[in-house]
Amino acid sequence: MVTEVDLQAGLSRLFHLGMELAERIQQDAMEAEQPETRAKLATAFHRISRSVRQTAALKLRLEREAKRAVREDQAAVRADRERQVDLRKTRIKARVEQLIWTEYEGEDADRRESILEDLLDADALEDDFLDQDLDTQVARLCLDLNLPSPLAGEGGGRSPTDEGSMIPSTAAQDRDAFDAAPLLPQREKEDPG
């Protein structure tokens, strides 16, 4: 079976041999003294040079097709990764949003969902996003959003001060401070007077 490399090498060799022959025939035609001989050599030169041009065109076309196939393969790999990233983001988002709405409501929940979107978009740009453990990603985002960690068995709508809560008191204080602070910088209002 002929491989792509063998085909390219063969076409290159055929091209070079054809060029040598065309140059030799052209030289012989220029040196021929008889008009009939010169005419026969000119016809032979025309046929050989046409064959050389066709060989060169075929070689270039095959190279372009090979490059296009590589680009298409790379595009397919990128599209597949994008689908996998979107699926992973959807799974993470569903789990974290459930915790957000268990722990918060109204504007607080909406604000955390918006931040979750931004954090997920940033995380998805990392090369190892799909290689990371899903539970670990969820737990890290919960930490970033000051939500109870599902890995520690926290959550379920209990207050940090409830008996049996898994959230240490310092974490509860940090959470209260987080809740009191705006998550996004706010512009100072100008005094109209």
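**Close-up views of charged side chains**

**View 1. A negative surface patch is made up of Glu126, Asp127, Asp128 and Asp131.** The model is predicted: local features need pLDDT of at least 70, side-chain atom pairs count only at pLDDT 80 or more, and totals for chains, interfaces and linings use all residues. Residues are numbered from 1 along each chain as its sequence is written, and side-chain values use heavy atoms, with hydrogens and water left out. Patches consist of residues with over 30% relative accessible area and no salt bridge, like charges being joined within 9 Å. Asp and Glu count as negative, and the place of a charge is CG of Asp or CD of Glu. Accessible areas come from the Shrake-Rupley method with a 1.4 Å probe, and for residues only the protein chains shown count as cover. Aspartate 128 sits in the loop between helix 3 (106–124) and helix 4 (134–144); helices are DSSP runs (H or I, at least four residues) numbered from the N terminus. Aspartate 128 counts as partly exposed because its relative accessibility is 36% (buried means under 20%, exposed over 50%, partly exposed in between).

View 2. Glutamate 63 is partly exposed at 29% relative accessibility, whereas lysine 59 is buried at 19%.

**View 3. Arginine 68 and glutamate 72 are joined by a salt bridge.** Their closest N and O atoms are 3.7 Å apart. Both residues lie in helix 2 and are four residues apart, so about one helical turn separates them. Arginine 68 is partly exposed, with a relative accessible area of 41%, and glutamate 72 is partly exposed, with 48%.

**View 4. A salt bridge links arginine 140 to aspartate 123.** The closest N and O atoms of this pair are 2.8 Å apart. Arginine 140 is in helix 4 and aspartate 123 in helix 3, so the pair ties together parts that are 17 residues apart in sequence. Arginine 140 is partly exposed at 31% relative accessibility, while aspartate 123 is buried at 15%.

**View 5. Salt bridges link Lys93, Glu97 and Glu117 in a network.** Side chains of opposite charge can pair when their charged atoms come close.

Key: Patches are made of residues with over 30% relative accessible area and no salt bridge: like charges are joined within 9 Å, nonpolar side chains (Val, Leu, Ile, Met, Phe, Trp, Tyr) within 5 Å. A salt bridge is a side-chain nitrogen of Lys or Arg within 4 Å of a carboxyl oxygen of Asp or Glu. Helices (H or I, at least four residues) and strands (E, at least two) are DSSP runs, numbered from the N terminus. Buried means under 20% relative accessible area, exposed over 50%, partly exposed in between (1.4 Å probe, protein chains only).
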